Amino acid sequence: MARKNAGACADPKQIRTDVDCRAAQPRFDNGAWSPAKISDVTGGGLYLFVTPDENRPGKAVSKLWRMAYRFYGRQKTYSIGPYGNGKDGTFSLADARRERDKAKDLLKDGKDPSTEKQLEKHRQAAARPFEQWADEWLAKKKVEKVKRGRIVAVRDSKTIKVLELRVGYVKDRFGKLCRKDIKRPDVLAFMRSYEAEGKLETRDRVRSIGAQICDYADVEGDGYNPFRNLNGQMIANISTPRPGVTEPRDVARVFKLISAPCERARFGDVVGLALRFDALTIPRPGMINEMEWSEVDWDAERWTIPAAKMKTGWDHVVPLSRQALAILRNVQKLTGRRQYVFSCSKDAPLSNNTLNKRLRLLGIDTKTDHCAHGFRTTFSTLSHHEEIKEAKAWDGDVVELQLAHLDSSTVEGLYKKHGPLALIGSRTKLMQHWADRIDKWLDPKKVMPIQRGTQRA
């Protein structure tokens, strides 16, 4: 008799005791091992699902408690969890039967146990401290950079460091609290601490990050976000446009100052060459700082800034004028074997303040007069208003495309249709004309060729 029971335990047809659970094996059918469903003797749809181990024939790789049930006439399966001793997230036979009974009670109340289990997981997740949500949000931000709904790149190290710093500010203040325990007056007091120090830009960045983390943590969809809608209680942060010269006399003065070589400059005046190249190509200054030799197409005479570096999230093509190419050839003698075009003592991008520092050394006030970003203002204003023989010289879309401004629906439409080479013919003429205008400001005696650029190419 004992031998018979032992044999039953070795290959149980039903689960009666915990011994049967331990002895449960996958099914051997038609010469192959397959999963086995072994019902609990107490019924109620409870069974042990045994999955075979491909590397060990006849052995189980997992044993999971499941329950078969019907909800509004539809056959469904409720996953209880892995079989075990009831510790570390496992369920013993007694535990599994209790979970089955709870599921039955939910069904009597007209509730789907599978749905309720997911809701409970969400409720538990929502109860996590804010610092855990912040770390998870930050980890996600570190590996993807999204522009206009597309993941375009892994974020660069500088951006990650800034994000880590600002997330740290929020965590230091609210990290131990759950999202729903963070109250609006506390957030407002936190924001005003930055206002007291005059750090309005930092305040806005930190508030935005707090709001994004709260949105990320809102798994229940209740919309509670104490970092939002605080503008009425905070000091307005009115941004001042970055200065750029636009009057002919001032334009000539600035371009003459930057064109003169700096005899005392280190590293072959790489910074001075970078500043002059910036004025000729008018990208955002950060693009000059991080420009790489691999981005230059000498044959096509173009510089393609990859989407990962662009604010727009799309590649941007800069046609290179004769003057811009001449600068690059000079720089190539100094840094041609490096990764970054304008690198000084080591192969690394220029710092964000390098170009403005050179302007200040030349006696230009970068806060009120002209800054590195201001070359874009100069180019935009003068190109939009230039006339040749009493006619507008350049189509506005050509100018805006070269500035990588995609705010206008027509400009964005052109870019979506034609890509980075949209209106490239007209843009090439525009950039050569712009370089020739600069030469004219430097030497008024020079004869500047007239280029009409209203046509689209």
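Visitor: Which residues of helix 5 and helix 6 meet in this model?

Guide: In this predicted model, Phe130, Glu131, Ala134, Asp135, Trp137, Leu138, Lys141 and Lys142 of helix 5 meet Ile160, Leu163, Glu164, Val167, Val170, Lys171 and Phe174 of helix 6. By class, the residues of this contact between helix 5 and helix 6 divide into nine nonpolar, six charged and no polar.

Visitor: Why is helix 5 called roughly antiparallel to helix 6?

Guide: The axes of helix 5 (residues 130–143) and helix 6 (residues 157–174) come within 10 Å and cross at roughly 170 degrees. Angles over 145 degrees count as roughly antiparallel, and therefore helix 5 is described as roughly antiparallel to helix 6.

Visitor: What makes histidine 373 buried?

Guide: Histidine 373 has a relative accessible area of 17%, and buried means under 20%, so histidine 373 is classed as buried. This histidine 373 lies in the loop between helix 13 (354–361) and helix 14 (374–385), and, leaving aside neighbours within four places in sequence, histidine 373 is in contact with Arg242, Arg284 and Pro285.

Visitor: What makes strand 9 and strand 11 edge strands?

Guide: Three strands form an open antiparallel sheet in the order 9-10-11, in which strand 9 (296–297) and strand 11 (316–319) each pair on one side only.

Visitor: How do you know that strand 10 and strand 11 pair?

Guide: Two strands pair if at least two bridges are found between them, and strand 10 (residues 302–305) and strand 11 have four bridges in the antiparallel sense, so they count as paired. Tryptophan 303 stands opposite valine 318 in strand 11.

Notes
Residues are numbered from 1 along each chain as its sequence is written. This is a predicted model: local features need pLDDT of at least 70, side-chain atom pairs count only at pLDDT 80 or more; totals for chains, interfaces and linings use all residues. Side-chain values use heavy atoms; hydrogens and water are left out. Helices (H or I, at least four residues) and strands (E, at least two) are DSSP runs, numbered from the N terminus. Axes are lines fitted to C-alpha atoms, for helices over the stretch in contact, and angles run from 0 to 180 degrees between N-to-C directions. Angles under 35 degrees count as roughly parallel, over 145 as roughly antiparallel, 65 to 115 as roughly perpendicular and the rest as oblique. Contact means heavy atoms within 4.5 Å. Ala, Val, Leu, Ile, Met, Phe, Trp, Tyr, Cys and Pro count as nonpolar, Asp, Glu, Lys and Arg as charged, and the others, Gly among them, as polar. Buried means under 20% relative accessible area, exposed over 50%, partly exposed in between (1.4 Å probe, protein chains only).
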